[in-house]
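These are my notebook entries on a structure that I went through entry by entry. I wrote down what I looked up and what I found.

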Amino acid sequence: MATIKDVARLAGVGLGTASRVVSGKGSVSPATLERVKKAIDELGFRPSHAARALLSGSSRMIGVYIPVLSGTFYTPILQIIDTELRAAGLHMVVAFGVGLGDARRQAVEGIDFLLERGCDGLMVMTSALLEEDLAALGAKSRQLVVLNHTLAGIPDQCFMVDHGLGGRLAARALLEHGHRDIAIVAGPASLFDNVERVEGFKAELEASGIDTGKLWVAESDFSPAGGWAAAKTLIESGNPCSALFCANDEMAVGALSYFQEAGIRVPHDLSVIGYDDTPSAEFSAPRLTSVRMPWREMTRSGLNALLNRCYDLQRPVEHSFPVSVTLRASLAKAGEVNKRARRPKAA
């Protein structure tokens, strides 16, 4: 493969001059520029990514850390980031939370991996990082943006959606449809955003006079399998609820699947509402009513803020994002709960 030295030799110029042409930085006379370009064409020279980074002082790469790649939640977020970066002539490098250790250790190791690859900036989507992890990054923390989490040391670099409001809107949607006997499938209690949405949900019910201490509540893992298992436990418990709130769409889709197999009609026997409004909500059966969290808007603003920091741009950045409920077929007015919704279908 031809090297930059071969280009310089064929064009009859110094290595520094050839490098300035390749990087596009620095002044070169028109005649010299033409000779170097001709040499590049004749040799079929293509600078490696490492060479470009060395010449320009920038890798043109943005690192992204997410805890896990599964289901329908993280994939659309990665698609948004990749699309925006490619449109700007940049590239994405992704690290996932794998290996030994807890979520915090995995996040720190993922960030180290991305920094070792020479990424110009980092987008991190995890609630596991602590202030001391940020301090350990030193000056590199200025090129970091955090999604769905807040760190006191970098408030302007953190982008959040209002999970408390999301939970309240979910409860309000059920209350407006006449539901008062309500069950909850929550996500992991260790995740602050799950805690906020469930607390917001309960607070709205309490404001309407519902004793939330008597609600049927299960903790699951945000997966379809977890939603299936929780729905099965709910029905086997005989709890006479008319509606079920699931703290994310994937658990709600798993619950819908179990209800269908158990012969429980949604929403005729039991209404279901999810959270996030991911693509799975739109195409479930029945189509799932869900709290629409503005993940796309949050992600785009966070990315814009990072690119502004890394490349001295002036992209628009917002820190407040709308939350709403997308009404679909899984939610109906409360009526008398069909008795068969209180017990599992016979095997």
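This is a predicted model: local features need pLDDT of at least 70, side-chain atom pairs count only at pLDDT 80 or more; totals for chains, interfaces and linings use all residues.

Entry 1, a helix pair. I began with α10 and α11, which pack at an angle of about 50° with their axes 6 Å apart; the axes are lines fitted to C-alpha atoms, for helices over the stretch in contact, and angles run from 0 to 180 degrees between N-to-C directions. That makes α10 oblique to α11, since angles under 35 degrees count as roughly parallel, over 145 as roughly antiparallel, 65 to 115 as roughly perpendicular and the rest as oblique. Helices here are DSSP runs (H or I, at least four residues), as are strands (E, at least two), and they are numbered from the N terminus.

I noted that α10 passes α11 in a right-handed crossing; a crossing is right-handed if the near helix is turned clockwise from the far one by less than a right angle, and left-handed if anticlockwise. On the α10 side I listed Pro224, Gly227, Trp228, Ala231, Lys232 and Ile235, and on the α11 side Glu250, Met251, Gly254, Ala255, Ser257, Tyr258, Phe259 and Glu261, contact meaning heavy atoms within 4.5 Å. Sorted by class, the contact of α10 with α11 has 8 nonpolar, 3 polar and 3 charged residues; Ala, Val, Leu, Ile, Met, Phe, Trp, Tyr, Cys and Pro count as nonpolar, Asp, Glu, Lys and Arg as charged, and the others, Gly among them, as polar.

Residues are numbered from 1 along each chain as its sequence is written, and side-chain values use heavy atoms, with hydrogens and water left out.

I then looked up helix α5 (residues 74-87) and helix α13 (residues 295-311), whose axes come within 10 Å and cross at roughly 40°. That makes α5 oblique to α13, and the crossing of these two helices is right-handed. From α5, I found Ile77, Ile80, Ile81, Glu84 and Leu85 meeting Arg296, Thr299, Arg300, Leu303 and Leu307 of α13. The residues of this contact divide into 6 nonpolar, 1 polar and 3 charged.

Which residues have the most contacts inside the largest nonpolar core? I found Ile62, Met123, Met125, Phe201, Leu205 and Met298, in a core of 47 residues; such a core is a set of buried Ala, Val, Leu, Ile, Met, Phe, Trp, Tyr and Cys residues joined through side-chain atoms within 4.5 Å. Buried means under 20% relative accessible area, exposed over 50% and partly exposed in between, with a 1.4 Å probe and protein chains only. The largest share of this core, 8 residues, comes from α13. Leaving aside neighbours within four places in sequence, I recorded contacts of Ile62 that include Leu85, Met123, Leu306, Leu307 and Cys310. A second, separate core has 26 residues, among them Val185, Leu256, Ala262 and Leu288.

Most residues other than glycine have a negative phi, and most peptide bonds are trans, so I looked for exceptions. A cis peptide bond joins Val266 and Pro267, with omega about 10°, and Pro267 lies in the loop between α11 (249-261) and β9 (271-276). The bond from Ala285 to Pro286 is also cis, omega being near -5°, and Pro286 has its place in the loop between α12 (279-282) and β10 (289-292).

Phe222, though not a glycine, has a positive phi of about 70°; Phe222 sits in the loop between β7 (216-219) and α10 (224-237) and is buried, with a relative accessible area of 18%. For Asp277 I noted a positive phi near 60°, a position in the loop between β9 and α12, and a relative accessible area of 18%, which counts as buried.

Is Ser301 buried or exposed? Ser301, found in helix α13, is buried at a relative accessible area of 7%. Leaving aside neighbours within four places in sequence, Ser301 is in contact with Phe159, Val317, Glu318 and Phe321.
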